[in-house]
Amino acid sequence: SCNFITARQFVLLLLLSPLTSLKHPQKYHHQQHTVHMSSLEDLRAAVTAAADSVTSLKASGGDPADIKAAVVILLGAKKAFADANGGIGVDGKPFSDGKKDKKKKKEGVAPPPKLEANAENAAKKAAKKAEKAAKKAAAKAAAAGGAPPPSAPSADKPPPAPAAVATTFKAPAVKAKAPAKKRKVAQFGKVEPLQLCFSPNDGDAIPFITIMCAALTGLDPDLKLKMDKHRAAAPALGTTGVGKVADAVVTGDVTCATYFLKTHQRLDLTLPLLGGEDPIAQAKVGEWVEYASKCKGAAEATGFAAGCSELVESVACALAASGSVFLTGSALTLADVAVFDALGGGTKVHPSPVNLEDLGPEAGRWFKLIEMSPATLKCRHLLCGVDGSSEFPASGALDPLVSGCHMLEGALPFEVTTRFPPEPSGYLHIGHAKAVLLNDYYARRYKGKLIVRFDDTNPSKEKEEFQQSIVEDLGKLGVHPDVVTYTSDYFEQMKGYAVELIKNGLAFMDDTDQEAMQAERMARKDSSRRGLSVEDNIKYFELMCSGDAEGAKWCLRAKINMQSVNGTMRDPVLYRQNLTPHHRSGTTYKAYPTYDLACPIVDSVEGVSHALRTTEYNDRDEQYAWIQNALKLRRVRIHGFARMGFQFTELSKRKLTWFVENGHVTGWDDPRFPTVRGVVRRGINIGALRSYILGQGASRRLTLMEWSKFWAENKKVIDDGAPRYMCCSTEGAKKLRITNAPAPDDNVFLTIDCHPKFPELGKRLIKTSSELLVEDSDVQGVEVGEMIGLMRWGVCKVTDVNDDAIVAEFLPDGDVKDCKRKLTWLSESKQNHTVKLFEFDNLINKKSLEEEENFKDFINENNLAYMTVHGDAGMKSLAVDDVVQIERRGLYRVDKVYGDKGKGGKDVLGRGEEELVLFMIPDGKKKAMSSLSTKLEHR
């Protein structure tokens with residue numbers, strides 16, 4: 001009851017007192033709303049107190065009259081908050097009291113529409129009055145020869161410009177806008193913290209000032225731009241909040257910009273735009289902002305000339321009087337941005353549709369300076385690309401985006417730096433290939449730079465062998481980085497940053513065991529060590545880094561927010577002891593930074609502009625930004641994309657290592673393995689791989705890819721360039737004797753095209769004779785008198801069939817259309833040689849494994865098969881990695897040439913033997929492309 005009276009008196013006091021009488025009111029004017037920033041928190045507290053009173057009364061069974069009175073007070077408090085926040089309630093949605101006109105409803109009259117924001121109604125009425133007044137003023141001006149525009153800043157207003165700097169303002173040919181159509185207040189729905197929502201198709205709703213301020217400070221990566229075609233005329237920005245829902249929403253460009261600058265963690269960057277800490281400088285900035293807003297509103301109502309002529313004069317006078325290049329002091333501030341926007345600079349178009357000659361020399365130079373600043377270019381690029389469908393015109397002559405790839409947010413030519421940070425703890429697999437190829441693609445498209453950085457922060461897992469293999473695999477992929485760096489090069493620098501976090505109270509040392517720490521994080525319970533003094537934290541940090549056994553139980557944790565709904569923000573571990581010698585730095589260091597600390601630091605220090613990360617790191621993006629802001633490092637923009645997985649495939653390094661160590665494969669380059677060197681050895685063409693991966697693009701949608709589509713794309717690339725050869729199985733060969741053909745010892749050859757469809761690939765010789773070998777399965781049921789087609793030679797007629805051979809006569813004028821069978825064949829000759837044809841299947845026999853399933857229970861034991869065939873003598877000239885097509889069998893890659901036993905002894909893949917070894921390349925079809933049988937399933 002006492003609480004209820006207190007809350008009631010407090011709320012009534014707020015409701016009965018005009019907002020302008022609150023202590024220290026601060027008004028920020030813009031073209032649509034006037035928001036009292038300092039009163040919102042008081043009003044929010046009043047709403048909370050009133051709501052608590054209602055809850056308390058209901059829970060305690062209070063008097064119904066008191067409950068009713070409390071509800072009335074709660075509604076009044078909510079309405080007061082909405083009135084002060086442009087019609088938006090505490091829940092971030094347009095406020096409505098929910099009342100209905102029962103009398104009119106009974107009479108069949110529809111109830112009144114939802115209450116629109118009082119501030120918006122007041123603004124519209126004021127706009128109408130201003131429009132009428134402006135029309136009268138324009139009429140008088142027409143008679144008197146001039147029209148008085150809005151008043152210029154009064155505080156320290158510069159005197160009229162002397163004759164030498166006076167400007168004769170010539171109004172640009174801008175038509176007066178028609179009165180804006182009545183808009184309904186947008187249904188904001190859920191807005192995320194620092195999510196800036198606006199309609200990109202409405203020039204009045206473009207938040208140029210907010211984005212420009214973020215770009216000037218380098219904090220634009222912290223703004224989440226969202227296109228909303230149904231949004232009201234003013235942009236909206238989500239305030240801070242828990243999780244992914246903002247506590248409130250502020251509307252209007254200037255209001256959003258002011259909130260962003262005043263509340264951001266990096267006040268060292270944002271406060272200078274507001275005038276710094278000097279109250280007089282802040283007042284001057286605020287005065288120019290308010291004046292610019294008024295002029296912009298008048299220009300929209302009466303035309304550019306009448307609304308902004310004095311603004312142009314005032315800018316010229318201020319610049320001439322101060323001798324500065326900016327309006328308030330020696331640096332660009334919110335005042336310059338707001339005036340620039342009011343004069344027509346705040347558009348997506350580059351350059352702005354403003355004639356600089358109309359602005360005069362002083363204002364024109366000032367305008368051009370801002371127009372050509374990198375921040376303005378970035379701001380316009382962000383505005384153009386908010387929907388991902390259009391690119392900033394000033395981006396230069398860039399290649400069209402590959403289908404599936406989106407433009408990089410905030411990317412400008414020659415200013416993009418991407419990085420690929422592999423950990424040297426294993427071989428690159430097909431998933432890594434997507435990451436590196438996307439990074440390489442964007443770096444090349446924007447004429448930027450690609451950094452390959454080895455993330456060698458865990459000496460327990462890393463080896464020189466893996467590092468060297470990654471370099472080789474990048475070469476196989478055709479990726480040539482501009483710079484190769486190592487995270488270990490920054491160990492000393494990161495150690496200094498860790499100490500800085502401790503000294504600033506943003507990190508602490510903890511000796512809680514790992515299991516208990518995990519339980520505390522799940523329970524959102526602070527560690528008992530969280531309150532250690534700076535001195536103690538420094539002492540234990542040095543103990544940990546010394547390698548002392550006592551220091552092994554200590555680790556460094558960030559002091560962020562254990563109540564966060566984002567688990568990665570609950571005081572993550574940043575540093576741990578590890579006594580394993582590092583493969584580059586040896587035993588110099590005894591403790592190492594975690595990836596969570598190292599990645600944001602090195603990305604910023606190395607000048608990375610866009611960090612491409614898979615969506616599995618989404619929760620860590622907030623942590624990444626926190627570390628960069630806490631250490632006052634340059635912010636890096638994150639561009640997320642979905643990792644690439646495949647059916648019947650495991651990509652975990654741990655699981656792939658198990659296959660190697662347990663002998664299920666011959667090594668990391670086994671053609672059954674999804675490593676880069678494995679798929680290359682099986683026959684993937686690098687151009688096809690690049691095309692396939694870029695075709696998947698940087699989408700954030702996680703999908704499980706089908707190998708069949710992957711190999712089908714590959715076949716399109718390699719098929720046309722693969723020369724054709726014929727072979728005959730050693731197990732099922734049947735003799736075909738041509739009675740009128742040359743004897744085997746006559747050495748008679750035919751000259752044929754290497755590829756029947758592409759003569760430009762050249763010619764080759766093929767031996768003909770009376771003794772041929774054909775596949776037994778091809779001649780089953782053949783009859784005397786039947787016409788048989790011999791591929792690449794001609795037609796023969798069967799004259800006899802017996803157990804030893806099929807006898808036929810060659811018909812020089814035979815027509816292949818008369819043949820039911822078209823056979824591959826091989827002249828029986830000592831020049832022929834043995835060829836091994838290998839086929840492969842997947843190592844896992846289930847399409848997709850669930851998290852709780854053990855991959856060892858789904859091993860496909862029947863994943864390798866081969867057959868021995870007689871090969872054309874011409875195949876002896878083939879080289880390793882050549883791709884050929886064995887007629888009616890399929891495409892093959894040469895893995896080992898004839899006579900080369902190789903090194904390392906024999907293995908199940910033909911190493912150490914004399915034969916030519918070919919690996920079948922899948923063609924993307926479940927049924928083999930050949931009409932001859934294969935031993936494994938195609939999928």
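**Note on the predicted model**

1. Asp220 is buried, with a relative accessible area of 5%. Buried means under 20% relative accessible area, exposed over 50%, and partly exposed in between, computed with a 1.4 Å probe on protein chains only. Asp220 belongs to the loop between H6 and strand S4 (224–227). Apart from neighbours within four places in sequence, Asp220 is in contact with Ala214, Ala215, Lys378, Leu382 and Arg637; contact means heavy atoms within 4.5 Å.

2. On the source: this is a predicted model, in which local features need pLDDT of at least 70 and side-chain atom pairs count only at pLDDT 80 or more, while totals for chains, interfaces and linings use all residues. Residues are numbered from 1 along each chain as its sequence is written, and side-chain values use heavy atoms, with hydrogens and water left out.

3. The protein chain has 24 helices and 35 strands. Helices (H or I, at least four residues) and strands (E, at least two) are DSSP runs, numbered from the N terminus. Of the 939 residues of the protein chain, 51% count as buried. Among contacts in the protein chain with a separation of 6 or more, 72% are between residues 24 or more positions apart.

4. Helix H6 (residues 208–217) and helix H7 (residues 253–263) have axes that come within 7 Å and cross at roughly 25°. Axes are lines fitted to C-alpha atoms, for helices over the stretch in contact, and angles run from 0 to 180 degrees between N-to-C directions. H6 is therefore roughly parallel to H7. Angles under 35 degrees count as roughly parallel, over 145 as roughly antiparallel, 65 to 115 as roughly perpendicular and the rest as oblique. From H6, Phe208, Ile209, Thr210, Cys213, Ala214 and Thr217 meet Asp253, Val254, Cys256, Ala257, Phe260 and Leu261 of H7. The contact of H6 with H7 has 9 nonpolar, 2 polar and 1 charged residues. Here Ala, Val, Leu, Ile, Met, Phe, Trp, Tyr, Cys and Pro count as nonpolar, Asp, Glu, Lys and Arg as charged, and the others, Gly among them, as polar.

5. How do helix H14 (residues 430–445) and helix H23 (residues 686–696) pack, and at what angle? The angle is about 80°, and the axes are 10 Å apart. H14 is therefore roughly perpendicular to H23. H14 contributes Ile430, Ala433, Lys434, Leu437, Leu438, Asp440 and Tyr441 to the contact, and H23 contributes Leu689, Arg690, Ile693 and Leu694. By class, the contact of H14 with H23 has 8 nonpolar, no polar and 3 charged residues.

6. Gly431 is also placed in helix H14. Gly431 is buried, with a relative accessible area of 16%. Setting aside neighbours within four places in sequence, Gly431 is in contact with Met644 and Leu651. Gly431 and Leu651 are 220 residues apart along the chain, yet their C-alpha atoms are separated by 7.3 Å.

7. The structure holds 30 aromatic pairs. Rings of Phe, Tyr and Trp (its six-membered ring) pair if their centres lie within 6.5 Å; planes under 30 degrees apart count as stacked, over 60 as edge-to-face and the rest as tilted. Tyr540 and Trp554 form a stacked pair, 3.9 Å centre to centre with 10° between the planes. Tyr540 lies in helix H18 (residues 534–546) and Trp554 in the loop between H18 and strand S13 (555–558), so the pair ties together parts that are 14 residues apart in sequence. Both Tyr540 and Trp554 are buried.
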